[in-house]
Amino acid sequence: MDSFKDIQRQIRIAFAGIFINLLIGTSGYMIIEGKSLLNALWLTVITLTTVGYGDDYATSSGGRIFTIVLILTGFGVVAYGLQAIATLLVSPQIREFRQRRRIEKIIQNLDRHYIICGHGDLVDQTITYLLQSVQMRLAFYDEEIYGPIDNFLDNIFGDDAEGHYPRSRALVRRIYLGLTRPFKRIGTLLDVVVVVTEDEAYARRLREDGFLVIQGKPTRDEILMRAGAARANAMMVLLPNDT
């Protein structure tokens, strides 16, 4: 990913700049102010970080001019590094990169799974069917865990389907399911299906829907190996041509 490499390069440049500023600052204070190595390093650090405890500072005119230059250059380097780190943490491209890495780690641990290769109408129909099956599975699961609560409330307040506090009951249902779902692992078909496609936009949309996706040409062996073809139970190939 080019953007990820660019951010890595920016961070490396920032750290190199900080190291150079520390080296120049320490050397400068040792030469200009006659500081010891430790005191010169300490003065450089508190100058670059703008902490300024006041227990040590430049006393000569040359030392103060040097401090001003060091603050200006050091602040620019630190700001550059912080901007690169912030980009690394919040960038959508980096978030997508981490998501891809997480998916590939999951796929590495899969065994006897299913692989769907390609794109187009047949793949769309297959994906739609899988999503409908998953939604039915989740709806059944919700009914299973909320059913006893719903029956209990029906006995007290009456059936919400007949108009007894439907909005309040719907709110209670959402809150209860929202609190219980995170603590229960729900297995679905999405856990055992890997989709291989070279369409970047399509791959991104599938990831948002919860699919395990490997982006690349399905005709390349290394891409199929990343999808776990050697361990798969079956593979469905739906490409535009027979080749």
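Mentor: Happy to! Four strands make an open sheet with parallel pairing, in the order S3-S2-S1-S4; strands here are DSSP E runs of at least two residues, helices are H or I runs of at least four, and both are numbered from the N terminus. Two strands count as paired if DSSP finds at least two bridges between them. This is a predicted model, in which local features need pLDDT of at least 70 and side-chain atom pairs count only at pLDDT 80 or more, while totals for chains, interfaces and linings use all residues. Residues are numbered from 1 along each chain as its sequence is written, and side-chain values use heavy atoms, with hydrogens and water left out.

At the edges sit strand S3 (212–215) and strand S4 (234–238), each pairing on one side only. From one strand to the next, the twist averages 20°; angles run from 0 to 180 degrees between N-to-C directions, and axes are lines fitted to C-alpha atoms, for helices over the stretch in contact. Strand S2 (residues 193–197) joins S3 through four bridges in the parallel sense, and Val195 has Val213 of S3 as its bridge partner.

Now for the helices on the sheet. H5 packs there, touching strand S1 (114–118), S2 and S4, and its direction makes about 145° with that of S1; contact means heavy atoms within 4.5 Å. Helix H7 (residues 200–208) also packs on the sheet, touching S2 and S3, with its direction at about 165° to that of S3.

H5 has a helix partner as well. Helix H5 (residues 121–157) packs with helix H6 (residues 166–180) at an angle of about 145°, their axes lying 11 Å apart. Among the contact residues are Tyr146, Ile149 and Leu153 of H5, and Val172, Arg173 and Tyr176 of H6. By class, the residues of this contact are eight nonpolar, one polar and six charged; Ala, Val, Leu, Ile, Met, Phe, Trp, Tyr, Cys and Pro count as nonpolar, Asp, Glu, Lys and Arg as charged, and the others, Gly among them, as polar.
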